[in-house]
Amino acid sequence: MEELKLNERENNPLSDLISNEIYNLLKSKGLFNETSLRDRLIRKRFKFLRTKKYRVSDAIDIIRQDYPYLQFETIRKIVHHPPKISKIN
């Protein structure tokens, strides 16, 4: 049972925000921007590595192992320039 919970958490990168059921429904409808989800995971991983006292360049190199198609500079921009939140009036 514990293994199932771990798998569900891996399949839902937004598990800290929404339930697995809602995530799966939204994903099935194509309502997620996959690039934005990837960038969110990269920023989350980067923050975690920095709390573990990794240097910035080392943290980015570790992340590049998971995303080898991204350049060092691209990951640096993702982690240092998060998207601006627009306000809806």
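At what angle do helix α4 and helix α5 pack, and how far apart are their axes? The legends below take up this pair and several other views of the predicted model.

**Figure 1. Overview of the predicted protein, which has five helices and zero strands.** Along the sequence, the elements follow the pattern α-α-α-α-α. The protein has 89 residues, of which 25% count as buried. Among contacts between residues at least 6 apart in sequence, 36% join residues at least 24 apart.

**Figure 2. Packing of helix α4 against helix α5.** Helix α4 spans residues 56-66 and helix α5 spans residues 72-80; they pack at an angle of about 110°, with axes 10 Å apart. Angles from 65 to 115 degrees count as roughly perpendicular, and α4 and α5 are therefore roughly perpendicular to each other. The crossing in which α4 passes α5 is right-handed. On the α4 side, the contact is made by Val56, Ser57, Ile60, Asp61, Ile63 and Arg64, while α5 contributes Phe72, Ile75, Arg76 and His80. By class, this contact of α4 with α5 has five nonpolar, two polar and three charged residues.

**Figure 3. Packing of helix α3 against helix α5.** The axes of α3 and α5 come within 9 Å and cross at roughly 80°. This pair is therefore roughly perpendicular as well: α3 to α5. From α3, the residues Arg38, Asp39, Ile42, Arg43 and Phe46 meet Ile75, Ile78, Val79 and His80 in α5. The contact of α3 with α5 divides into five nonpolar, one polar and three charged residues.

**Figure 4. Packing of helix α3 against helix α4.** Here the helices α3 and α4 pack at an angle of about 135°, and their axes are 10 Å apart. Angles over 145 degrees would count as roughly antiparallel; α3 and α4 are therefore oblique to each other. In passing α4, α3 makes a right-handed crossing. The contact involves Ile42, Arg45, Phe46, Leu49 and Arg50 of α3, together with Val56, Ala59, Ile60, Ile62, Ile63 and Asp66 of α4. Of the residues in the contact of α3 with α4, eight are nonpolar, none is polar and three are charged.

**Figure 5. The largest nonpolar core, with twelve residues.** Its members are Ile42, Phe46, Leu49, Ala59, Ile60, Ile62, Ile63, Tyr67, Leu70, Ile75, Ile78 and Val79. Helices α3, α4 and α5 each supply at least two residues of this core. The most comes from α4, which gives four residues. In soluble globular proteins, nonpolar side chains tend to be buried together. Leucine 49, one of the core residues, touches Tyr54, Ala59, Ile62 and Ile63 when residues up to four places away in sequence are not counted.

Figure 6. Is arginine 38 buried or exposed? The relative accessible area of arginine 38 is 19%, and residues under 20% count as buried, so arginine 38 is buried. Leaving aside neighbours within four places in sequence, arginine 38 is in contact with Tyr67, Tyr69, Leu70 and Ile78. Among these, Tyr67, Leu70 and Ile78 belong to the largest nonpolar core. Arg38 is also one of the α3 residues that meet α5.

**Figure 7. Lysine 53 in the loop between α3 and α4.** Phi of lysine 53 is near 70°, a positive value in a residue other than glycine. Most residues other than glycine have a negative phi. With a relative accessible area of 73%, lysine 53 is exposed.

**Figure 8. Glutamine 71 in the loop between α4 and α5.** Glutamine 71 has a relative accessible area of 53%; residues over 50% count as exposed, so glutamine 71 is exposed. In sequence, glutamine 71 and isoleucine 60 are eleven residues apart, and their C-alpha atoms are 9.7 Å apart in space. Ile60 is part of the largest nonpolar core, and Ile60 also takes part in the contact of α4 with α5.

How values were computed
Residues are numbered from 1 along each chain as its sequence is written. Side-chain values use heavy atoms; hydrogens and water are left out. Axes are lines fitted to C-alpha atoms, for helices over the stretch in contact, and angles run from 0 to 180 degrees between N-to-C directions. Angles under 35 degrees count as roughly parallel, over 145 as roughly antiparallel, 65 to 115 as roughly perpendicular and the rest as oblique. A crossing is left-handed if the near helix is turned anticlockwise from the far one by less than a right angle, and right-handed if clockwise. Contact means heavy atoms within 4.5 Å. Ala, Val, Leu, Ile, Met, Phe, Trp, Tyr, Cys and Pro count as nonpolar, Asp, Glu, Lys and Arg as charged, and the others, Gly among them, as polar. Buried means under 20% relative accessible area, exposed over 50%, partly exposed in between (1.4 Å probe, protein chains only). A nonpolar core is a set of buried Ala, Val, Leu, Ile, Met, Phe, Trp, Tyr and Cys residues joined through side-chain atoms within 4.5 Å.
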